Each structure stands twice: as structure tokens, then as C-alpha cells.
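Hello,

Here is the structure I promised to pass on. My notes follow below it.

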Amino acid sequence: MRQLLQGDRPRPAPDIAAALRRYGLATLTAQLESEDDWNKALTRAERQRLALTNVELGGAEVVLLDEATNALEAETASDLLAELRAALPQAVIIAFGQSPGFAEVASHQIVLRRIAGVARIVERDGFVESRTGAPAEALWTSFAHEHQP
């Protein structure tokens with residue numbers, strides 16, 4: 001378990017154990033030195049919790065989450081995403097998904113729809129775009145300009 005969570009960045013066992021507890025995996029703290037086929041040993045919801053633990057421990061500046069909490073109940077998903085935000089306050093976290101809870105913890109929200117075979121923004125932070133929508137590239141350009149140091 002430890003090797004899975006620390007990768008090539010060694011972490012003290014107490015730090016790993018604390019992160020596991022934050023994401024509801026306290027029972028795994030006793031298995032830090034164990035090697036197992038965790039894909040088989042853990043439920044889908046536990047694997048999602050473990051992935052969020054791994055993201056926190058990795059300390060990335062940019063995090064992409066794709067359906068990262070869809071096996072969890074909405075309230076639990078919201079709590080865990082808020083925990084991740086608190087643990088990585090400087091990170092840009094981009095979460096893709098349809099799971100309840102994303103909108104509640106998001107600082108910004110973008111709704112994309114496939115229109116004529118192209119993903120278009122149809123809503124952004126509560127503002128509905130034109131029928132054709134703005135291309136996703138325009139949003140990325142806007143985001144890049146707004147967040148330059």
C-alpha cells in the first residue's frame with residue numbers, strides 16, 4: 001500500500017495514515033506495508049477514495065478528476081472533494097463528471113453539450129451562452145489569460 005501511495009516520493013507512514021483517514025480509509029492504515037492486488041481487494045468506492053488520497057499525497061499543482069466520485073453517495077463525494085480542495089489550496093482542480101456534489105464544491109462551473117458533433121459551452125458560472133455556444137478553445141484561452149502570474 002505504501003508503495004502505491006508514495007510512488008517515487010517517499011512519505012512518512014504517519015502522513016500516509018493521516019491522509020487515508022481523511023478519505024475514510026482508516027482500516028487500510030494497518031496495511032501500509034502490505035502488497036496486494038488493490039483493484040481486487042477494494043470496492044470501487046474504496047478505490048475512488050484511495051485515488052483521492054493519492055492525489056493529495058502527490059501534491060500536484062493541476063489535478064484532473066474524471067468521474068472520480070461516481071461510486072460514492074452525493075454527500076460523501078462533496079465532503080471528500082472539499083477535503084481535497086482544503087488539502088491542495090493552490091492547486092487547479094478540474095473535475096469532469098455528472099455526479100452530484102461537483103457543483104456544490106466547485107468555484108467555477110462549465111456545462112458542455114455536444115452540438116453538431118462539437119463540444120460547446122452552453123453554461124458557465126450560471127450564465128447561459130448563445131445557442132451555438134463558445135468553443136472550448138476560447139474558454140481555455142480565457143482561463144490562461146486570467147490566471148497568468
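How much accessible surface does the protein chain have, and what share of it belongs to carbon and sulfur atoms? The total is about 9,700 Å², with 52% on carbon and sulfur. Areas are from the Shrake-Rupley method with a 1.4 Å probe; for residues, only the protein chains shown count as cover.

This is a predicted model: local features need pLDDT of at least 70, side-chain atom pairs count only at pLDDT 80 or more, and totals for chains, interfaces and linings use all residues. Residues are numbered from 1 along each chain as its sequence is written, and side-chain values use heavy atoms, with hydrogens and water left out.

The fold: the protein chain has 7 helices and 6 strands. These are DSSP runs, numbered from the N terminus (helices H or I, at least four residues; strands E, at least two). Their order along the sequence is α-α-α-α-β-α-β-α-β-β-β-β-α.

Of 149 residues, 27% are buried (under 20% relative accessible area; exposed is over 50%, partly exposed in between). Take contacts (heavy atoms within 4.5 Å) between residues at least 6 apart in sequence: 51% join residues at least 24 apart.

Now the surface. Val62, Leu64, Val92, Ile94 and Phe96 make a nonpolar patch of about 430 Å². Patch residues have over 30% relative accessible area and no salt bridge, and nonpolar side chains (Val, Leu, Ile, Met, Phe, Trp, Tyr) are joined within 5 Å. A salt bridge puts a side-chain nitrogen of Lys or Arg within 4 Å of a carboxyl oxygen of Asp or Glu.

Strand 1 (62-66) and strand 2 (92-96) each supply at least two patch residues. Strand 2 gives the most, with 3. Phe96 lies in strand 2. Phe96 counts as partly exposed because its relative accessibility is 43%.

Best wishes

Technical notes. Patch = residues over 30% accessible without salt bridge, like charges linked within 9 Å, V, L, I, M, F, W, Y side chains within 5 Å. Buried < 20%, exposed > 50% of the residue type's maximum accessible area, 1.4 Å probe, protein only.
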